[in-house]
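Thank you all for making the time this morning.

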Amino acid sequence: VPPFTALIGWLVLGESLAGRDWLGMALTLVGVAWVVRERPSTSDEAPSPSTTSFTGGILLGLGGAVGQAAGLVLSKHGMGSYDAFAATQIRVLAGSLCFALLFTVIRWWSRVRGAFEDRRGLAFTALGSFFGPFLGVSLSLLAVQHTQAGVAATIMSLTPVLIIPASALLLRERISVAAAGAALVAVAGSALLFL
């Protein structure tokens with residue numbers, strides 16, 4: 001997402017990044033990729049996907065990355081100096097309308113009704129909605145108001161690195177030396193972006 005965001009930010013908003021910013025982005029992304037690669041695999045994982053589904057997954061991932069990048073840049077452009085939390089509300093309302101249209105076209109309303117029967121799942125989804133679409137997205141819009149979209153997107157990509165301490169403390173997962181080193185590389189890249 002960060003490279004696409006930087007590119008779209010340059011094309012749409014005329015934002016340019018200095019060499020140090022590109023170096024910081026590269027270090028952060030290398031560190032994040034390294035952390036993700038260090039995740040231990042479990043023996044009960046699903047079998048390896050076929051080449052067709054793997055290629056389809058890669059294309060869908062790229063589509064998602066471009067969509068996130070374009071959404072962030074267009075939100076920054078449309079929001080201007082408007083309140084980030086109010087802008088998030090507009091995004092949620094527009095997204096809800098789009099989902100309502102999609103569910104009508106593909107006839108998924110029965111699945112939505114079924115989801116409301118799972119009270120525990122609904123409670124966790126509501127909690128996730130508070131931290132994700134409300135708090136996370138609002139703060140991300142606030143971030144892009146105060147810096148280049150590509151820089152903000154790079155800092156937001158630190159999620160896998162930020163999970164490391166939580167998984168070590170809460171889940172008692174053992175953190176490898178390589179994962180710790182990768183986290184330091186990502187943090188060093190982010191530090192460059194703050195200079």
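**A walk through the model**

Let me begin with Ser167, which is buried, its relative accessible area being 8%, where buried means under 20% relative accessible area, exposed means over 50%, and partly exposed covers what lies in between, with a 1.4 Å probe and protein chains only. Before I go further, please keep in mind that this is a predicted model, in which local features need pLDDT of at least 70 and side-chain atom pairs count only at pLDDT 80 or more, while totals for chains, interfaces and linings use all residues. Residues are numbered from 1 along each chain as its sequence is written, and side-chain values use heavy atoms, with hydrogens and water left out.

Ser167 sits in helix 8, residues 159–170; helices here are DSSP runs of H or I with at least four residues, strands are runs of E with at least two, and both are numbered from the N terminus. If we leave aside its neighbours within four places in sequence, Ser167 is in contact (heavy atoms within 4.5 Å) with Arg172, Glu173 and Ile175.

Staying with burial, helix 7, residues 149–156, has six of its eight residues buried, so it is largely enclosed by the rest of the structure. Those buried residues are Ala149, Gly150, Val151, Ala152, Ala153 and Thr154.

How do helix 1 and helix 2 pack? Helix 1 (residues 2–13) and helix 2 (residues 19–37) meet at an angle of about 155°, with their axes 11 Å apart, the axes being lines fitted to C-alpha atoms over the stretch in contact, and the angles running from 0 to 180 degrees between N-to-C directions. The two helices are therefore roughly antiparallel to each other, since angles over 145 degrees count as roughly antiparallel, under 35 as roughly parallel, 65 to 115 as roughly perpendicular, and the rest as oblique. On the helix 1 side the contact involves Pro2, Pro3 and Ala6, which meet Trp22, Met25 and Leu29 of helix 2.

Finally, the rings of Phe, Tyr and Trp (its six-membered ring) pair if their centres lie within 6.5 Å, with planes under 30 degrees apart called stacked, over 60 edge-to-face, and the rest tilted; by this rule there are six aromatic pairs. One of them joins Phe99 and Phe103, a tilted pair at 5.7 Å centre to centre with 45° between the planes. Both residues lie in helix 4 (residues 84–105), four residues apart, about one turn of the helix, and Phe103 is buried at 16% relative accessible area.
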